[in-house]
Amino acid sequence: MHNSIITAAVILAVGVLAVWVYGSATISSGIFIDAKCEIEPSDGILLTFDDGPDPVMTPKVLDVLDRHGQKAIFFVIGEKVEAHPEVVREIVRRGHQVGNHTYSHSPYGNFLGREHLEEEIRKCGDAIESACGVRPTLFRPPLGISTHYMSSALKNTGYRAVGWSVRSFDTCDDPREEVLDRVVKDLKPGAIVLLHDRLEKADWLADRVLSEWEKMR
Ligand SMILES: [Zn+2]
């Protein structure tokens, strides 16, 4: 009798933990936050670039987007915004959206409590607004990790979370072609693609993804 209660408790605890880990790591799960992970299929695809602005690579990515007539969202880091406000102004000037990706992009920041997270979101929003005059309304959590208080932090700061349906894993060291294949395999109307404009391959990858999409539609 005793043993079966303990077994049931362990199974329950493991189950809760599994759901918690899955919910934290999978932005589209909807367990902790309601993130927009796709757009209307009739609107094509949406490229999103995290971790900028980068003074060298972001302008190159902007040129690629212009060439393809494509608008994107750049989820920027507050500290980098303060270092390169002119790049943020250029993103907005060319008709793209700027989203909030926290002030310091700490890998632990998502777990330090609601107040800490709100502070990170507010500071990044302030940096964006003073750089380009536009108050952002979209948020993407660093590393895509969501937590149980993230939803109330977003409500309190007035943000909507944006996830993705296609993850490129462009930050790992795989050959460029492999990263491209990974994106193209999952590309379909309505896809939101996660990319990083701080990477040396960022403009190449954006150009190839958009070329492949143009062949597909
Ligand atoms: Zn990031």
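## Helix α6 and the glycine after it

Helices here are DSSP runs of H or I, at least four residues long, numbered from the N terminus. The model is predicted. Just after helix α6, Gly158 takes a positive phi of about 80°.

Helix α6 spans residues 150-157, and its buried residues are Met150, Ala153 and Leu154. Looking down the axis of α6, these buried residues fall within an arc of 100°, so they line one face of the helix. Several elements cover them, including α5 (114-132), β4 (138-139) and β5 (160-161).

## Met150 up close

Met150 belongs to helix α6. Is Met150 buried or exposed? Met150 has 23 C-beta neighbours inside 10 Å. The cut-off for a buried residue is 20 or more, so Met150 counts as buried.

Which residues touch Met150, leaving aside neighbours within four places in sequence? They are Phe32, Ile33, Leu117 and Pro141. Gly113 is 37 residues away from Met150 along the chain, yet their C-alpha atoms are separated by 8.6 Å.

## Helix α7: two faces

Helix α7 covers residues 176-186. Val179, Leu180 and Val183 are its buried residues. They cover an arc of only 100° around the axis, which puts them on the same side of α7. That buried side packs against β6 (166-167), β7 (192-196) and α8 (202-216).

What sits on the face turned away from the buried side of α7? The exposed residues Glu177, Glu178, Asp181 and Lys185 are there.

## The nonpolar core

In soluble globular proteins, nonpolar side chains tend to be buried together. In this model, the largest nonpolar core has 55 residues. Those with the most contacts inside the core are Leu47, Val88, Ile128, Val193, Ala206 and Val209. Helix α5 gives this core its largest share, seven residues.

Take Ala206 as an example. Apart from neighbours within four places in sequence, Ala206 is in contact with Leu47, Val61, Val64, Leu65 and Leu195.

## Helices α2 and α4

Two packed helices are described by the angle between their axes and the distance between the axes. The axes of α2 (residues 57-68) and α4 (residues 85-93) come within 10 Å and cross at roughly 10°. Angles under 35 degrees count as roughly parallel, so α2 is roughly parallel to α4.

Which residues make the contact? Thr58, Pro59 and Leu62 come from α2, while Val87, Glu90 and Ile91 come from α4. By class, this contact of α2 with α4 has four nonpolar, one polar and one charged residues.

Helix α3 (residues 78-83) contains Ala83. With 13 C-beta neighbours inside 10 Å, Ala83 counts as partly exposed. Ala83 lies 28 residues from Pro55 in sequence, and the two C-alpha atoms are 9.2 Å apart in space.

Most residues other than glycine have a negative phi, and most peptide bonds are trans. Asp51 has a positive phi, near 80°, and is not a glycine. Asp51 is in strand β1. With 21 C-beta neighbours inside 10 Å, Asp51 counts as buried. The peptide bond from Gly52 to Pro53 is cis, with omega near 0°. Pro53 lies in the loop between β1 (46-52) and α2.

Leu143 is not a glycine either, and its phi is positive, about 60°. Leu143 sits in the loop between β4 and α6. With 16 C-beta neighbours inside 10 Å, Leu143 counts as partly exposed.

Conventions: Residues are numbered from 1 along each chain as its sequence is written. This is a predicted model: local features need pLDDT of at least 70, side-chain atom pairs count only at pLDDT 80 or more; totals for chains, interfaces and linings use all residues. Axes are lines fitted to C-alpha atoms, for helices over the stretch in contact, and angles run from 0 to 180 degrees between N-to-C directions. Angles under 35 degrees count as roughly parallel, over 145 as roughly antiparallel, 65 to 115 as roughly perpendicular and the rest as oblique. Two residues are in contact if their C-beta atoms, placed from the backbone, lie within 7 Å. Ala, Val, Leu, Ile, Met, Phe, Trp, Tyr, Cys and Pro count as nonpolar, Asp, Glu, Lys and Arg as charged, and the others, Gly among them, as polar. A residue is buried if 20 or more other C-beta atoms lie within 10 Å of its own, exposed if 12 or fewer, and partly exposed in between; C-beta atoms are placed from the backbone. The arc is that of the directions from the helix axis to the C-beta atoms. A nonpolar core is a set of buried Ala, Val, Leu, Ile, Met, Phe, Trp, Tyr and Cys residues joined through C-beta atoms within 7 Å.
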